[in-house]
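My notes follow the order in which I checked things.

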Amino acid sequence: TRSSPSSRACRSWPSASVEDIQAGLVSMRRSSLSLRLQAYHALRDLTHAAWYADEARWSELGYPGPTAL
């Protein structure tokens, strides 16, 4: 039988492929278990916060940076 993405979970993050990580995140996002869904949202929010906090990304957003006081 063919395995679904959630049933072929990788046991080690260092050895996980991009596809394994994507499948795991999709599984978390679609989960009916609130704890898994909350974990997905926490990971998403943390990665978004880190990306937007990076000054090197501000020009891509058209944000000139904070104004001098």
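**Entry 1: the chain.** I am working with a predicted model. I looked up the secondary structure and found three helices and zero strands. From the N terminus on, the order is α-α-α. I then checked burial. Of the 69 residues in the protein chain, 12% are buried.

Entry 2: I took α1, residues 18–29. It has twelve residues. From first C-alpha to last it reaches 16 Å, close to the 16 Å expected at 1.5 Å a residue. Which residues of α1 are buried? I found A23, S27 and M28. They cover an arc of only 135° around the axis, so they sit on the same side of α1. I also asked what covers these buried residues, and the cover includes α2.

**Entry 3: α1 against α2.** Two packed helices are described by the angle between their axes and the distance between the axes. I looked up both values. Helix α1 packs with helix α2 (residues 34–53) at an angle of about 125°. The axes are 7 Å apart.

Next I listed the contact residues. On the α1 side I noted G24, L25, S27, M28 and R29. On the α2 side I noted R36, L37, A39, Y40 and L43. I sorted the residues of this contact by type: six are nonpolar, two polar and two charged. S27 and M28 are on the contact list, and both are also buried residues of α1.

**Entry 4: L37.** I picked L37, which lies in α2. L37 is then in contact with M28, R29 and S31. I also looked up the pair L37 and S27. They are ten residues apart in sequence, and their C-alpha atoms are 9.1 Å apart in space.

**Entry 5: I21.** I went back to α1 for I21. I21 has a relative accessible area of 29%, and therefore I logged it as partly exposed. Which residues does I21 contact, leaving aside neighbours within four places in sequence? I found W13 and A16.

Terms used
Residues numbered from 1 in each chain as written. Predicted model: local features only at pLDDT ≥ 70, side-chain atom pairs only at ≥ 80, totals over all residues. Heavy atoms only, no water. Axes fitted to C-alpha atoms, helices over the stretch in contact; angles between N-to-C directions. Helix = DSSP H or I, 4+ residues; strand = E, 2+ residues; numbered from the N terminus. Contact = heavy atoms within 4.5 Å. Nonpolar A, V, L, I, M, F, W, Y, C, P; charged D, E, K, R; others polar. Expected span 1.5 Å × (residues − 1). Buried < 20%, exposed > 50% of the residue type's maximum accessible area, 1.4 Å probe, protein only. Arc of directions from axis to C-beta.
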